[in-house]
Amino acid sequence: MSVTVGTDADRGTAPAGPIGVRRDSRSPDGHSGRVSVTDVVVVGAGPAGLSAALLLGRSRRSVVVVDAGEPRNAAAGHVQGFLTRDGVPPAELLSLGVEEVRRYGVEVRHGRVVDVTPIPPGAAETSRARVTVELDDGTSLAARRVVLATGLRDELPAVPGLSDRWGRDVLHCPYCHGWEVREAAVGVLVDRPEDAVKAFTMTQWTDAVTVVLHGVDPDDVEPAVRRRLDALDIPVLPGPVTALVLEDDALVAVRTPAGEVRLGALVVQPRLVASDALLTALGAHVQAGPSGHTVVAEPDGRTGVPHVFAAGNVTDPSSQVVMAAAAGYRTALAVDHDLIDEDVEAAVRRSAAGGHDDAPGAQPEG
């Protein structure tokens, strides 16, 4: 049994209504006018989604970002390791991102995407739309491309009180939170034998590291790992953990059948479950990974599904915030070049047809 905490790493908190207005977009024939087909719909307003929207907005693309307002890192007090934004609260980072994309006419819409449907090639011959995006309120968006930045969710071990302390003194990433617990007594909860190696990483910040087993027998830990733990004088305590002990709203110990272990923080490795239902429904290829199956995507976000791209934790669960933002930027570059290629080919077809706008794939909506 596990406890699910949060939903999507790359989905930020959007206000409860539309933000901004979609800008007028230039149609392929060069005339300016309002269009009913959005160039790009981005699903998820976290670092990856907003980074993609920022570049696409600056590229004069019409962009709509749809977000359900369920950020994975909502429980965390601060984002760490993001250059110029180190220590900023997650909600503030996303608010700044929304403000930035609005400057370029990007619309951020609160809602949940329930379906992404490719438009059959025959139907697309008289429209620039390639994908339909359905929202849970019954509305739909027609788009030329879709970027799925739906992130992931954390599933925690079933320890009483663990989820209540998540992002506070129950942590998962030493590089995100190690500095804040430097020189403190830190426990590493191990509910899978392979997770014991996380104790080695924590020694970079503190000498007071203890491995606490939870549903794992000491003999299940590999002998080579045990030798390293012994060499570093890291104790390995049998579990399971039955409770977290708090004083003044702070973790001070964990309780096991053998007694209490005094700790100031507890490091836990959650199961990282990609929020990839939209992608798998489209037939995107998946592969097995340490945290379960993961959607396979190219470095530029191509998923193998025509006109559908993905960025951030949905395809790379190990990416931290700054890496997810970079992935969104790189994916947006690929999306923009893909649209440019499509428009150039449409122009070639129009030219070959004697300048008529009814050439297959060349007629704009408007």
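Reader: Which residue forms a salt bridge with Arg271?
Author: This is a predicted model. In it, Arg271 pairs with Asp191, with the closest N and O atoms 2.7 Å apart.

Reader: Is Asp191 buried or exposed?
Author: Asp191 is buried, at a relative accessible area of 18%. Arg271 counts as partly exposed, at 25%.

Reader: And what does Arg128 meet?
Author: Its side chain meets that of Asp39 in a salt bridge, 3.9 Å from N to O. Arg128 is in the loop between helix H3 and strand E8, while Asp39 is in strand E4, 89 residues apart. Arg128 is buried at 4% relative accessible area, and Asp39 is buried at 2%.

Reader: Which network are those two in?
Author: Asp39 and Arg128 belong to a network of salt bridges that also links other residues, including Arg61, Arg144, Asp300 and Glu342.

Reader: How many salt bridges in the whole structure?
Author: A search of the whole structure gives 22.

Reader: Switching to H2. Which of its residues are buried?
Author: Pro90, Leu93, Leu94, Gly97, Val98 and Val101. Down the axis of H2 they fall within an arc of 135 degrees, so they line one face of the helix.

Reader: What covers them?
Author: The cover includes helix H1, strand E6 and helix H8.

Reader: How far does H2 reach?
Author: H2 spans residues 90-102 and reaches 19 Å from first C-alpha to last, close to the expected 18 Å.

Note on methods: Residues are numbered from 1 along each chain as its sequence is written. This is a predicted model: local features need pLDDT of at least 70, side-chain atom pairs count only at pLDDT 80 or more; totals for chains, interfaces and linings use all residues. Side-chain values use heavy atoms; hydrogens and water are left out. Helices (H or I, at least four residues) and strands (E, at least two) are DSSP runs, numbered from the N terminus. The expected span of a helix is 1.5 Å times one less than its number of residues. Buried means under 20% relative accessible area, exposed over 50%, partly exposed in between (1.4 Å probe, protein chains only). The arc is that of the directions from the helix axis to the C-beta atoms. Contact means heavy atoms within 4.5 Å. A salt bridge is a side-chain nitrogen of Lys or Arg within 4 Å of a carboxyl oxygen of Asp or Glu.
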